[in-house]
Amino acid sequence: MSPYGSQSMIAPLQSVLVRRPDEAFGAADPARWHYTATPDLLLARQEHDAFVNTLLAHGVEVAYHDAPLPDHADALFVHDPALITDRGAILLRMGKPQRAGEEEAMAVTLAQLGVPIHYWLHGAATAEGGDLLWLDERTLCVGLGFRTNAAGFDQLAEALAGSGVALVPVQLPYFDGPEACLHLMSLISLVDVDLAVVYRPLLPVPFYQLLASRGVRLIDVADEEFATMGTNVLALAPRECILLDHNIHTARALEAAGCRVYPYRGDEMSLKAEGGPTCLTRPILRG
């Protein structure tokens with residue numbers, strides 16, 4: 001079996017990359033990084049350690065991305081600089097200017113893990129991992145907004161040419177504007193092939209219709225839990241998932257749908273910094 005390949009959001013998670021909160025995260029200027037407040041580094045590290053322990057308890061192999069990235073607070077969110085395919089890694093280009101440079105650091109860590117680089121986005125293209133949702137192993141939905149642009153979509157299509165993967169563009173709303181983080185996966189997380197949590201008011205109609213045509217049942221996240229990233233759910237396996245502990249109603253709805261839910265505390269590393277459990281992880285191998 002190949003040690004890499006993650007063309008799914010829900011296949012059993014076998015290995016994952018994380019980054020422990022570092023000094024850059026603890027020193028983040030809220031105005032510059034669009035955080036609600038400066039994170040408490042000690043508490044953030046405690047939260048992250050507990051989060052990693054949850055992954056380990058479920059048999060997930062955890063590797064650390066510790067390449068130096070001074071003045072890169074968002075580097076904690078390792079989901080965004082790369083996409084891991086059956087052919088290897090596609091290195092993306094950050095749409096948030098402060099995150100430029102994370103791609104090269106990610107390439108170093110992936111090389112250490114034995115993951116080949118299949119393609120680098122270049123030129124004017126931008127794409128972030130939070131905008132890339134595998135609806136199934138051969139369908140990649142690409143959110144087009146402030147973080148991922150049309151050139152990024154075109155280069156992803158070039159990178160995946162001949163692999164049998166179809167790309168579906170999903171136009172994202174303006175919402176809170178270019179400074180805020182609104183990825184496609186801010187609006188939806190798959191927890192099984194036929195089940196997803198969503199924030200329906202911001203779902204583009206063609207995307208909603210695609211989900212309906214696939215028979216995907218939607219669990220609606222309420223306004224107050226959309227604000228606490230109730231839509232940001234990490235599937236460990238079909239109907240086994242991790243989400244922020246503030247999202248009690250979403251957790252109950254998931255359990256009513258037959259899911260096992262593992263809440264985690266993320267007041268410092270998640271709520272202050274716009275990054276939930278999916279953002280904190282870059283799956284290397286699912287299957």
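**Reading the spaces and the sheets**

Tutor: The lining of the largest cavity is made up of eleven nonpolar, seven polar and two charged residues. Here Ala, Val, Leu, Ile, Met, Phe, Trp, Tyr, Cys and Pro count as nonpolar, Asp, Glu, Lys and Arg as charged, and the others, Gly among them, as polar. The model is predicted, and local features need pLDDT of at least 70, side-chain atom pairs count only at pLDDT 80 or more, while totals for chains, interfaces and linings use all residues. Residues are numbered from 1 along each chain as its sequence is written, and side-chain values use heavy atoms, with hydrogens and water left out.

Student: Which residues are closest to the centre of the second largest cavity?

Tutor: The second largest cavity holds about 90 Å³ of space. It is lined by 15 residues, and D74, F77, R99, C181 and E274 are the closest to its centre. By class, this lining has six nonpolar, two polar and seven charged residues.

Student: What is the volume of the largest pocket?

Tutor: The volume of the largest pocket is about 510 Å³. Among its 23 lining residues, C181, S186, F226, M229 and E274 lie nearest the centre. Eleven residues of the pocket lining are nonpolar, nine are polar and three are charged.

Student: In what order do the strands of the sheet with β1 stand?

Tutor: Helices (H or I, at least four residues) and strands (E, at least two) are DSSP runs, numbered from the N terminus. Two strands pair if DSSP finds at least two bridges between them. Here an open sheet of three strands has the order β2-β1-β15, and its pairing is mixed. Its edge strands, β2 (61-64) and β15 (282-286), each pair on one side only. Strand β1 (residues 13-18) runs antiparallel to β15, and four bridges join the two. Within this pair, V16 stands opposite P283.

Student: Is L13 buried or exposed?

Tutor: A residue is buried under 20% relative accessible area, exposed over 50% and partly exposed in between (1.4 Å probe, protein chains only). L13, which lies in strand β1, is buried, because its relative accessible area is 5%. L13 and I284 are 271 residues apart in sequence, yet 8.4 Å apart in space, C-alpha to C-alpha.

Student: Why is one side of β6 left without a neighbour in the sheet?

Tutor: β6, β7 and β8 form an open sheet in that order, with mixed pairing. β6 and β8 stand at the edges with a single partner strand each, so one side of each lacks a neighbour in the sheet. β6 and β7 run antiparallel and are joined by four bridges, with D136 opposite T139. Strands β7 (residues 139-144) and β8 (residues 166-171) pair in the parallel sense over six bridges, and L144 stands opposite Q171.

Student: Which helix lies in the β-α-β unit of β7 and β8?

Tutor: A crossover is right-handed if, with the strands pointing away from the viewer, the path from the first strand over the helix to the second runs clockwise. Helix α5 (residues 150-159) forms such a right-handed unit with β7 and β8. Another right-handed unit consists of β10, helix α6 (residues 205-213) and β11. Its strands, β10 (residues 195-198) and β11 (residues 217-220), run parallel and are joined by four bridges.

Conventions: On a 1 Å grid over the protein atoms alone, a cavity is a set of points where a 1.4 Å probe fits but cannot get out, and a pocket is an open set with protein on both sides within 12 Å along at least five of seven lines; lining residues have an atom within 4 Å of a point. Grid points are joined across faces, edges and corners, and a volume is the space filled by probe spheres set on the points.
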